Amino acid sequence: MTFRLRFLTILLLLTLPAFLFAADGQTLFRENCKVCHGKGSKNGVYTPMSFTQDQWRRFFATKLVPSHKSAIHPVTHKNLLEGLTPAEMKALQNFAVDHAADSEQPATCG
Amino acid sequence: MRRAILMLLFLASWVPWATAQKSSHADYFEHYEGTKTCLTCHQSEAESFFHSQHYQWLGTASHIVNAQGQALGKMNTINDFCTNPSSNWIGRVENKKGDVITRGCSACHAGLGLKPSPEMTQAQLENIDCLQCHASGYRRDVYQNGKGQWEWRPILWENQEGLDSVAKRIGMPTRVTCLRCHANSGGGANFKRGDLEYALSNTTRDYDVHMGKDGANFDCINCHKGSDHHVRGRGADLSANDMKETVRCSECHKTAPHKDADLNRHMSRIDCTVCHIPTFARTDATDMVRDWSKPAYNAEKEKYAATITLETNVKPVYAWYNGNTQEQLLRQPLNRLADGSVGMMIPQGSRNDPKAKIFAFKLHRAKLPYLKEQGWILPIQVEEFFQTGELDKSIREAAEHAYGVKNPVYGWADTTRYMGIYHGVRPHEQALHCKDCHGAGGRMDWKALGYPADPNPTGAPAPKEEQ
């Protein structure tokens, strides 16, 4: 690989949107939501199809941060919200909306 | 100026109409509490729907030559896909992983779990699931009620705000709402019909001139329009007709729609679908052979099924059809065809029948059990079989359920079903040409159609003077 080609490849990778590197929404949902809201959880059972698309949009816009600001991830033992990048948060939201109860493919997170 | 004002007034007059078409029910009720909420204003519509084919799964079978006056439909006939819904109605069958492998045939019945009854009762009317067809964002699942009975409920049943939001988005059925059932019958996407693919929900004119967004952009109900919740259009392999009127191309397309007189001449004996649907199952493979005598285990889905042969881009077969069909019915002797197979659905008509035309069909072959002593075709209790793979047990239980026969002695019969192909209509650029049917390598089996030989063996268009 010539120096020029290598340089262009690195430049391209650096300029790619961050969301392309984020884990997929389903994995993020499973690893960050289901850990506390899985089957039988006393925190409430939530899957993407628990809400409509509008309800999920509202939840991410107005309710997620206030209701989870002191939530600790049970596996990493770190603050849940601080452990998620903006790109990962966006991927989570997209997954929840795309598989909401009134979407074309309602789903649990597997 | 006057013209502009008139134009504005004309456009303004359409605004309330456009709003009404959206049919949002936001102003009509506060909370959705099941079908009784709909019945508050739509009791008469529910009563009409109760008598329809979509609810009863039975109807007048005036085009089935051996119906002998019986009402026929899914509920009292056998097909060579999942056989019969009666003993496979509702439930929740899971594999070892806990994944749901079937919820029963009622997944596609517009009811909440009760089987349709002949008598119209309030309980039956409240069993109608209006949202299934009229609320595009509505989804449901099976749950057990307090009495241990299975029933369909909205998946948002514990989220009243969400449920209210979905239940207020009422409209006429869209392509998507129809295709959710009609494109997924028979066990998988496009397994049964072949020409009804989910791809039609968002497609182009090249794929289907009627439903393509850059074509006519029709919804299903543009052609399958009806009245009082009864829908027009009966495929050649359907038992009942919901309405007397059928759907014909000629309602919109004049009798001589081609510029070429030779093509117009063909129309007296050839249905439009023959040339304009050269292949089907273009996206999702369709089930062409289903052998129930050979159980197959799907390790990925942890589920048993029949051995199914799937194909894509299938060329139709061609047969004469005069609008009538012979069906293999319960408690009737096996209708053996010349090749020894049992004719499940056989289009009627011949070259000598002036009412018949050549139509395009999917030819589905299968192997089904039959009672040796009585010579009756047998269904299979497939829901149980999917989980356990115990075929013999599933046949025995179905024999008792269908005929009251406790210790059936059964054999296996090859079966043949002709299924009408009507969707995926291509534009003229992609339609068949002379040599697709005539000449060496043509797709028609002329002898089977009653011709001594290819009537145009060169495949050359007729000379202009003959046209």
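Me: Helix 12 of chain B: which residues are buried there?

Reply: Seven names to note: L391(B), S394(B), I395(B), R396(B), A398(B), A399(B) and A402(B) are buried in helix 12 of chain B. Bear in mind that this is a predicted model.

Me: How far does helix 12 of chain B reach, first C-alpha to last?

Reply: It spans residues 391-403, 13 residues, and reaches 18 Å. That is close to the 18 Å expected at 1.5 Å a residue.

Me: And what follows helix 12 of chain B?

Reply: G404(B) does, and its phi is positive, near 75 degrees.

Me: New topic. How do strand 5 and strand 6 of chain B run, parallel or antiparallel?

Reply: Antiparallel, with five bridges joining strand 5 (residues 140-144) to strand 6 (residues 150-154) of chain B.

Me: What is the bridge partner of R140(B) in strand 6?

Reply: P154(B) is the partner of R140(B).

Me: Which residue in that hairpin takes a positive phi?

Reply: G148(B), with phi near 85 degrees. The hairpin has five residues between the strands.

Me: Zoom out. How many helices and strands in chain B?

Reply: Chain B has 13 helices and 16 strands. Its radius of gyration is 24 Å, close to the 23 Å from the globule rule for 467 residues, so chain B is as compact as a globular protein of that length.

Me: What box do its C-alpha atoms fill?

Reply: Roughly 85 × 75 × 45 Å along the principal axes, for chain B.

Me: How many of the 467 residues count as buried, as a percentage?

Reply: In chain B, 38% do. On contacts, take those in chain B with a separation of 6 or more: 65% of them come from residues 24 or more positions apart.

Me: What about confidence? What does the pLDDT of chain B average?

Reply: The average is 93, and 94% of the residues of chain B score at least 70. Residues 9-22 of chain B are below 50, and beyond near neighbours in sequence that stretch has one contact in the model. Where pLDDT is low, the predicted coordinates should not be read in detail.

Me: And what are ipTM and pTM for the model?

Reply: The model scores ipTM 0.81 and pTM 0.89.

Me: Last one. How many residues are in contact between chain A and chain B?

Reply: Nine residues of chain A are in contact with eight of chain B. The chain A side divides into four nonpolar, three polar and two charged residues.

How values were computed: Residues numbered from 1 in each chain as written. Chains lettered and ligands numbered in written order. Predicted model: local features only at pLDDT ≥ 70, side-chain atom pairs only at ≥ 80, totals over all residues. Contact = placed C-beta atoms within 7 Å. Nonpolar A, V, L, I, M, F, W, Y, C, P; charged D, E, K, R; others polar. Helix = DSSP H or I, 4+ residues; strand = E, 2+ residues; numbered from the N terminus. Expected span 1.5 Å × (residues − 1). Buried ≥ 20, exposed ≤ 12 C-beta atoms within 10 Å, placed from the backbone. Pairing = 2+ DSSP bridges. Rg over C-alpha atoms; globule rule 2.2 N^0.38 Å. pLDDT = per-residue confidence, 0-100.
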